[in-house]
Structure formats: C-alpha cells, structure tokens
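User: I have a model open and would like to go through it with you. Could you start with the terms, please?

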Amino acid sequence: MTEPIVRIPPFDPRTVPVVATGASEGLPPPSPHRLTPDGLRALFEAPPVWTPELRRERRFAEREPADAAVLLPLVVRDELNLLLTQRTATLSTHSGQIAFPGGKVDPQDADAIAAALREADEEVGLPPQNVEVLGTLPVYITGTAFHVTPVVALVRPGFTLKPNPHEVDDVFEVPLRFLMDPRHHRRHLMNFDGTAREWYSMPWHDGQRERFIWGATAGMLRNLYRLLSA
C-alpha cells in the first residue's frame with residue numbers, strides 16, 4: 001500500500017513537545033575511545049553487529065526519489081569536532097536548517113563517497129586531500145524522498161573554508177562528544193492530519209546562539225550513536 005503524500009505546513013520545530021530524552025531512556029554514552037581517530041578507524045575496519053534506529057521518515061513531499069550523499073566531516077583537533085552547515089533560506093528543500101555538506105549523486109560520480117566529497121568541496125570548499133573516509137552508514141530516506149548515504153570521515157586541519165553563499169549561510173563545528181551523549185538527544189512528537197510524526201533534536205549552544213540540529217541531520221547522528229555504542 002502506498003503511503004499518502006501530504007504537505008506539512010510551516011512550523012517551528014523548537015515548539016513541538018519533547019516526549020523522551022536519552023536520560024529518560026537510560027542510554028549510556030559510547031566508550032571514550034570510540035570518539036577518537038584510532039577508535040573510529042578500528043570501528044569501521046571491523047564494525048560490530050548493530051541495528052540503525054532510523055531508516056525512513058514518513059513521506060510528505062510529492063517528488064521523485066533521488067539518491068544523495070552527505071559527508072560527516074570529523075575535524076581532528078584536541079577532540080573530534082563535527083563540521084556542520086546552516087543552509088540558506090532560499091533553497092527549495094530543508095531551507096534554513098542545520099545540515100551536513102552534501103547533495104544529489106550526479107551521473108559523473110563514481111559512487112556515494114565520491115558525491116559526498118565533491119559536494120563538500122563545492123558547498124564549503126573542504127579540500128578532498130584533507131579528508132580520510134572511514135566508511136558509510138545505512139541509507140536514510142528523508143520525507144522529501146532523498147535516499148541519503150552518510151559518509152563518515154576524518155578531516156585533517158589546516159584548510160580554509162569557502163562557503164558557497166547560494167547554499168550555505170554559515171559553517172560551524174560541534175564536539176562529537178556532545179552529539180554522541182544521549183543526554184542531549186530529544187525526541188519530539190507532532191500529530192498532523194491524523195498522522196504521528198517524530199524526530200530527534202540535539203540543540204547546541206555555542207556561546208552566542210542556539211544551533212538547533214534536528215530532523216534528518218539528527219536522525220543520521222542518532223544512527224551514528226547506535227553504531228558507536230554497539
């Protein structure tokens with residue numbers, strides 16, 4: 001049976017009730033070693049048996065499915081920091097949201113990894129020679145029908161970013177330790193047109209503003225947490 005396609009009206013995800021947190025679910029953080037370059041290399045070289053928590057959002061847009069890829073760039077500093085973007089308000093999908101660098105897989109891309117590297121270079125000027133790809137997470141299907149392959153990578157510092165102003169309003173980093181601590185994971189629930197819709201958020205305060213990480217970005221990070229804590 002085909003799931004009916006609806007259009008969700010604009011809303012502020014910050015105002016949607018929180019129904020659970022990692023603390024209320026009693027979830028532990030990953031081992032500290034897993035949050036290091038060597039720990040992540042070992043994990044992806046010999047991954048444990050694990051099950052992704054989130055694979056598909058309820059569809060809410062009338063568009064043809066499209067393959068896409070995003071890069072989860074973990075910058076190697078005193079601790080690992082995840083590089084994220086703030087999308088411009090003029091983009092046709094997920095405008096204004098916090099996102100990973102990435103986009104559609106083009107015909108000339110050899111695979112999803114090649115697409116993620118190309119898109120990160122085009123969007124924010126992240127040079128591929130600074131990127132060490134570790135592996136991929138399971139495909140995540142968004143409500144806008146993108147079939148997204150998340151590509152996890154370590155990034156050697158020493159680069160100068162050049163964000164594309166047509167796609168990216170801002171670029172910032174968040175400690176991986178913060179994002180992988182389930183005490184910072186919040187599950188929201190909204191009922192729309194008789195359908196329950198749920199998603200995660202992981203708000204990060206950088207000292208000046210709140211970076212509201214939610215939706216597909218938070219969902220893929222939740223899957224990364226499940227792998228790191230397996």
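Analyst: Buried means under 20% relative accessible area and exposed over 50%, with partly exposed in between, using a 1.4 Å probe and protein chains only. This is a predicted model, in which local features need pLDDT of at least 70 and side-chain atom pairs count only at pLDDT 80 or more, while totals for chains, interfaces and linings use all residues. Residues are numbered from 1 along each chain as its sequence is written, and side-chain values use heavy atoms, with hydrogens and water left out.

User: Is Ala-145 buried or exposed?

Analyst: Ala-145 counts as buried because its relative accessibility is 5%. Ala-145 also has a positive phi of about 70°, although it is not a glycine, and it lies in the loop between strand S7 (140-141) and strand S8 (146-155). Helices (H or I, at least four residues) and strands (E, at least two) are DSSP runs, numbered from the N terminus.

User: Changing topic, what does H3 pack against?

Analyst: The buried residues of H3 pack against strand S2 (66-76), strand S3 (80-87), strand S5 (102-104), strand S6 (131-136), S8 and strand S9 (168-175), where contact means heavy atoms within 4.5 Å. Those buried residues include Ala-112, Ala-115, Ala-116, Leu-117 and Arg-118.

User: And what happens at the start of H3, and just after it?

Analyst: At the start, a side-chain oxygen of Asp-111 comes to within 3.2 Å of the backbone nitrogen of Ile-113; a polar contact is a pair of N or O atoms within 3.5 Å, where within protein one must be able to donate a hydrogen and the other to accept it, and residues adjacent in sequence count only if both atoms are side-chain atoms. Just after H3, Gly-125 takes a positive phi of about 75°.

User: Which residues touch the most other members of the largest nonpolar core?

Analyst: Leu-40, Leu-179, Met-180, Ile-213, Leu-221 and Leu-224 do, in a core of 40 residues. A nonpolar core is a set of buried Ala, Val, Leu, Ile, Met, Phe, Trp, Tyr and Cys residues joined through side-chain atoms within 4.5 Å. Helix H5 (215-228) is among the elements that give two or more residues to this core, and H5 gives the most, with 8 residues.

User: How much of the whole chain counts as buried?

Analyst: Of the 230 residues of the protein chain, 49% count as buried, and the secondary structure comes to 5 helices and 13 strands.
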